[in-house]
Amino acid sequence: FDVRTGRRGGLQIRPGVGFTGLWVDYRIDGSNFAQADRSYFHVAPHLDLALEWRPCVTSRWWLSGSVGQTLTCLMPSSNKMNLFDANLRVNFDFARRWTVYLETSYRYIDWHDDQTVRNHIHVEYGPTIGAGLIFRF
């Protein structure tokens with residue numbers, strides 16, 4: 001969706017729906033040749049929202065960001081995955097096809113099941129800081 005912000009600026013709003021997958025496979029070797037193998041795969045639906053704001057149509061500077069969240073209420077099984085992802089980026093178009101950017105982001109994943117010996121994964125990435133270069137064909 002394109003929304004005008006003033007006489008020259010513009011805001012793009014991009015909602016989205018998707019699926020996030022988690023695949024874990026590990027093996028533990030213990031003393032006296034004891035071993036444990038586990039492998040599991042889980043998928044969860046999520047909603048996304050991406051924004052892109054250009055303060056002026058002719059401006060070479062612009063901001064973009066995105067946020068995503070799994071919909072745990074739509075997961076009927078005892079396997080629950082909670083994912084939250086957020087990103088904020090400052091972009092600069094230094095040529096017609098080239099953009100350089102600085103960004104910060106955060107990602108949180110929490111997954112568990114109801115087995116007798118439970119699996120529980122809890123991972124947080126961030127806040128992170130990054131830089132990148134984009135080339136458009």
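Which residue in β6 is the bridge partner of Asn87? It's Ser105. The structure here is a predicted model, so local features need pLDDT of at least 70 and side-chain atom pairs count only at pLDDT 80 or more, while totals for chains, interfaces and linings use all residues. Residues are numbered from 1 along each chain as its sequence is written, and side-chain values use heavy atoms, with hydrogens and water left out.

Strands β5 (residues 80–93) and β6 (residues 98–112) pair in the antiparallel sense over 14 bridges. Strands are DSSP runs (E, at least two residues) numbered from the N terminus, and two of them pair if DSSP finds at least two bridges between them. Overall, seven strands make an open antiparallel sheet, in the order β1-β2-β3-β4-β5-β6-β7. At the edges sit β1 (2–5) and β7 (120–135), each pairing on one side only.

Now for the salt bridges (a side-chain nitrogen of Lys or Arg within 4 Å of a carboxyl oxygen of Asp or Glu). The whole structure has seven. One of them joins Arg14 and Glu52, at 3.8 Å from N to O; Arg14 lies in strand β2 and Glu52 in strand β3, 38 residues apart. Arg14 is partly exposed, with a relative accessible area of 39%, but Glu52 is buried at 16%. Buried means under 20% relative accessible area, exposed over 50% and partly exposed in between (1.4 Å probe, protein chains only). Arg14 and Glu52 also belong to a salt-bridge network with Arg54, Asp93 and Arg136.

Key: Helices (H or I, at least four residues) and strands (E, at least two) are DSSP runs, numbered from the N terminus.
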